[in-house]
Amino acid sequence: MMSRILFGFLICFLIHASYGQGLDLLDDDEPITNYTTATFKTNRVVNGHSIETVAKREFDFKISHRFGFLSGGAYELFGLDQATMRIGGDYGITDNLNIGLGRSTVDKTYDGFVKYKFLRQSSGAKEMPVSAVWMSHAGVSTLRFTQPERENLFSSRLHYVHQLLLARKFTEGLSVQLTPTLVHKNLVSADSLANDIFSLGVGIRQKLTTRTTLNFEYFYVLPDQLETNRTNVLSLGFDIETGGHVFQLFFTNSSGPFEKAFITDTNAKWLDGDVRFGFNIARIFNF
Amino acid sequence: MILVGFAALALFAFTNHGGGVYKTNTGNVSFFSHTNVEDISAINHKVKTAFDASSGKIQFSVLVKDFEFAKALMQEHFNENYMESTKFPKATFNGMIENVEAIDFSTNGNYTANVMGELTIKGVTKEVSTTSTFKVNNGTVNGMTKFILNPEDYNIEIPKVVSNKISREIEITVDADYTHSH
């Protein structure tokens, strides 16, 4: 009996509450699709791509530096005496389709890529657990051939990269990305080495404040594909967003600012102190 | 008998008093921030709003993510850094048209009314009062108003580096074409 009276009261109270405070004139309860945005601060995690794309008609101008080894000590000013760099940019043909070009000092490489976002994480009316992007990249090394006397083909200069980027923003602060990657080298230096190199990348970002994040990135290369001295690339960095710019400051064991270089050409070990300081500066221009 | 009379009276009061509810799901809310360094504006075309022509009750529901900026990056920062729109997806207004009886919704013309109520942005509720115009045109009603608000009153933090780019007096413009719904 008592519980029935209480229940009655509760119903009255609920009805009263919905009349007193709610937006009772509006049909405001229709489910809407909430698309996830800002999974990462910018379109690179550290070295590699993130699922972020630049918006239509926006140009993201990027300058990337990686210095020498910290283990160089004070004589090398902890690596700052040497630097490799890439200058380039990403452009939004649409909000989901980007193209990019760049030139790196590493092997005097020109690169170009196409990146297409085909799934967007969403909740509400339409549920999609992850965002997904396809990225295809081609690079051409323009170093002079080391053996000019033999027959050298232009195709030997080329490499290709294909990546599937899958990311989920788990909370406002935490995003995780998995990046299965295929690197294809047209020319390798020995028969025992693979032309197609398979790897899996992991990227994690944790927000520290609304405008700064801590980023982790690692690419695991499946065994027996590369020269024996090769190591996996591990990077740890911060993103600092200041409005129009994103500054990415990081430590990494690779000097390569493009996929083929940092996934397949890294031979330094964090444990030996062979770590480099580096930064990417991204500046968005609108057209 | 008296009871039945009261019931009939109550029923009468609810069914036959005034002009019913006016609604739209495509109202416009825009804001404009002017400083010497930069002008920033954005508009939301998908505002849900309704008012009751008899009681004067008026309500708005604004999805923060639906504000459109000229620059996509600005829109992202607006949602991500300033409004935290995942945490606070909606801004709402729940108030009254104070002198609603002065508006004749059956006669074309322009009417001025004071609208007062509670504006909730980013979980912070403040009392807002603004003079509005209601333009009645063959059964449809255009409601319009402008007012100023300070983002810092609603817990919207403005970091020092952009302090001179964002005004502390943001002009809000509301413009909605209501149609009679029942």
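Student: What makes up the secondary structure of chain A?

Tutor: Two helices and 14 strands. Both kinds of element are DSSP runs, numbered from the N terminus: helices are H or I over at least four residues, strands are E over at least two. This is a predicted model, in which local features need pLDDT of at least 70, side-chain atom pairs count only at pLDDT 80 or more, and totals for chains, interfaces and linings use all residues. Residues are numbered from 1 along each chain as its sequence is written, while chains are lettered from A and ligands numbered from 1 in the order in which they are written.

Student: What does chain B have?

Tutor: Chain B has two helices and nine strands. From the N terminus on, the order is α-β-β-β-β-α-β-β-β-β-β.

Student: How do you know that E9(A) and E10(A) pair?

Tutor: Two strands pair if DSSP finds at least two bridges between them. Strand E9 (residues 174-185) and strand E10 (residues 196-207) of chain A have 11 bridges, in the antiparallel sense. Therefore they count as paired. One bridge sets A:Pro180 against A:Leu200 in E10(A).

Student: How does the radius of gyration of chain A stand against that of a compact globule?

Tutor: The radius is taken over C-alpha atoms, and the globule rule is 2.2 Å times the number of residues to the power 0.38. For 287 residues, a compact globule would come near 19 Å, but chain A has 24 Å. The C-alpha trace of chain A spans about 100 × 40 × 40 Å along its principal axes.

Student: Why is A:Lys108 called partly exposed?

Tutor: A residue is buried if 20 or more other C-beta atoms lie within 10 Å of its own, exposed if 12 or fewer, and partly exposed in between, with C-beta atoms placed from the backbone. A:Lys108 has 13 such neighbours, so it counts as partly exposed. A:Lys108 sits in the loop between strand E4 (97-104) and strand E5 (109-119) of chain A. Its phi is positive, about 45 degrees, although it is not a glycine.

Student: Why does B:Lys122 get the label partly exposed?

Tutor: B:Lys122 has 16 C-beta neighbours inside 10 Å, so it counts as partly exposed. B:Lys122 is in the loop between strand E6 (109-121) and strand E7 (124-137) of chain B. Its phi is also positive, about 55 degrees, and it is not a glycine.

Student: What share of each chain is buried?

Tutor: In chain A, 34% of the 287 residues. In chain B, 24% of the 182 residues.

Student: What makes a set of residues a nonpolar core?

Tutor: The members are buried Ala, Val, Leu, Ile, Met, Phe, Trp, Tyr and Cys residues, joined through C-beta atoms within 7 Å. The largest core has 26 residues, and those with the most contacts inside it are B:Tyr22, B:Phe51, B:Ile97 and B:Ala113. E6(B) gives the largest share, four residues. A second, separate core of 13 residues includes A:Val161, A:Val221, A:Leu234 and A:Phe258.

Student: How many residues of each chain take part in the contact?

Tutor: Chain A gives 15 residues and chain B gives 21 residues. Here two residues are in contact if their C-beta atoms, placed from the backbone, lie within 7 Å.
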